[in-house]
Amino acid sequence: MATYLSIESLSVSYGTTRVLDRVSLGVERGEMIALLGSSGCGKTTLLRAIAGFVSPFEGTIKVDGEDITRLPPEKRGTAMMFQSYALWPHMNVAGNIGYGLKMRGWDKGAIARRVEEMLTLLQLSGFAQRPVTQLSGGQRQRVALGRALAVDPRLLLLDEPMSNLDYKVRLELRHELRALQRRIGITAVYVTHDREEALTLADRIAVIDAGRVVQVGAPEEIFHRPESAFVAGFMGADNALDLVRTDDGMLVAAAAGTPTDVRMRAHFRSDAARLAAAPERLTSDILVLNGVVSQSVYVGQGYRYRVHADGADVWVNASERYAEGAAACVVVPRAALLLFPGA
């Protein structure tokens, strides 16, 4: 498939601060890509640059082969959904969904037909005359999506649109949005700091750090095969410690190694390790960390423990109850370790 949205060497600065640093990214027609990163990494700035609300000082943005880099927002054929919904509180549902069509000069009959299409699509039939102030958060988000889709945009841009919703509603809307995007085949760029949201919604994920795209790939690839310690930590493998590989192939804590051992940085997920009361014998297939339980948290399906071991704090999930202060052994399968070059 040919690239539909093409971003080449895009750079944006706010004053003397460079927010995007020569970002390049391609999005296929009909694909949903998630821009994933922590607050301040540049993901929203990239979305706003695509929309035309931010001007880059270098680079290009093309949609379906057309250079839109210097076009005003209204000439780009994009539609954006915001965190705050940005609905008109004095209008009803139909008025909000049809607002963009009215601004484009559509006649009332055409607007009414298009609004009814959106209401059916979004499972809001019968809500046309309802004031938006009388809607739930999830319903307001559907109205905002209907307003964006009503104008038949070339690109749908979504700036953390579910961040203001409670968890249960977010789960429901994620699946609805994903099914809808696939059904209508619209190309979408979705900004989020929530890795679960990105994994659920996106065909591909672009992880952004300090204004740069550091990895792009399918959700399974980003989750299981991160290319850097940063991506590993951001995708949930947030236990991190320095290890060395000894001459006989064993992995041990860096403090136990010698100057000739190979140093590396290891990441692993808390649910990939297990906790044991007694020390276990070190083999080439496992990493063994002996320490003390420093914190215990009940999480419903079991417990989550912080264990201070070999100079580091690591988190481990376990079904058994361990008292704080108890000696414990953290055992991590070698296959569960994500290894990166050490400092």
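In helix 6 of this predicted model, the buried residues are Arg 170, Leu 173, Arg 174, Leu 177, Arg 178, Leu 180 and Gln 181. An α-helix has 3.6 residues a turn, so residues three or four places apart point the same way. The elements that cover the buried residues of helix 6 include strand 3 (32-36), helix 4 (108-121), helix 5, strand 7 (155-159), strand 8 (187-192) and helix 7 (195-201).

Helix 6 itself comprises 18 residues and spans 26 Å from its first C-alpha to its last, close to the 26 Å expected at 1.5 Å a residue. After helix 6 comes Gly 185, with a positive phi near 70°.

Among the covering elements, helix 5 may be considered in detail. The axes of helix 5 (residues 137-150) and helix 6 (residues 167-184) come within 11 Å and cross at roughly 20°. Because angles under 35 degrees count as roughly parallel, helix 5 and helix 6 are roughly parallel to each other. The crossing in which helix 5 passes helix 6 is right-handed. Helix 5 contributes Gly 138, Gln 141, Arg 142, Leu 145 and Leu 149 to the contact, and helix 6 contributes Val 169, Leu 173, Glu 176, Leu 177, Leu 180 and Ile 184. Of the residues in this contact, seven are nonpolar, two polar and two charged.

Two loops remain to be described. Asp 64 is found in the loop between strand 4 (58-63) and strand 5 (66-67); its phi is positive, near 55°, although the residue is not glycine. With 45% relative accessibility, Asp 64 counts as partly exposed. Ala 210, in the loop between strand 9 (204-209) and strand 10 (212-217), is a residue other than glycine with a positive phi, near 50°. Its relative accessibility is 60%, so Ala 210 counts as exposed.

How values were computed: Residues are numbered from 1 along each chain as its sequence is written. This is a predicted model: local features need pLDDT of at least 70, side-chain atom pairs count only at pLDDT 80 or more; totals for chains, interfaces and linings use all residues. Side-chain values use heavy atoms; hydrogens and water are left out. Axes are lines fitted to C-alpha atoms, for helices over the stretch in contact, and angles run from 0 to 180 degrees between N-to-C directions. Helices (H or I, at least four residues) and strands (E, at least two) are DSSP runs, numbered from the N terminus. Angles under 35 degrees count as roughly parallel, over 145 as roughly antiparallel, 65 to 115 as roughly perpendicular and the rest as oblique. A crossing is left-handed if the near helix is turned anticlockwise from the far one by less than a right angle, and right-handed if clockwise. Contact means heavy atoms within 4.5 Å. Ala, Val, Leu, Ile, Met, Phe, Trp, Tyr, Cys and Pro count as nonpolar, Asp, Glu, Lys and Arg as charged, and the others, Gly among them, as polar. The expected span of a helix is 1.5 Å times one less than its number of residues. Buried means under 20% relative accessible area, exposed over 50%, partly exposed in between (1.4 Å probe, protein chains only).
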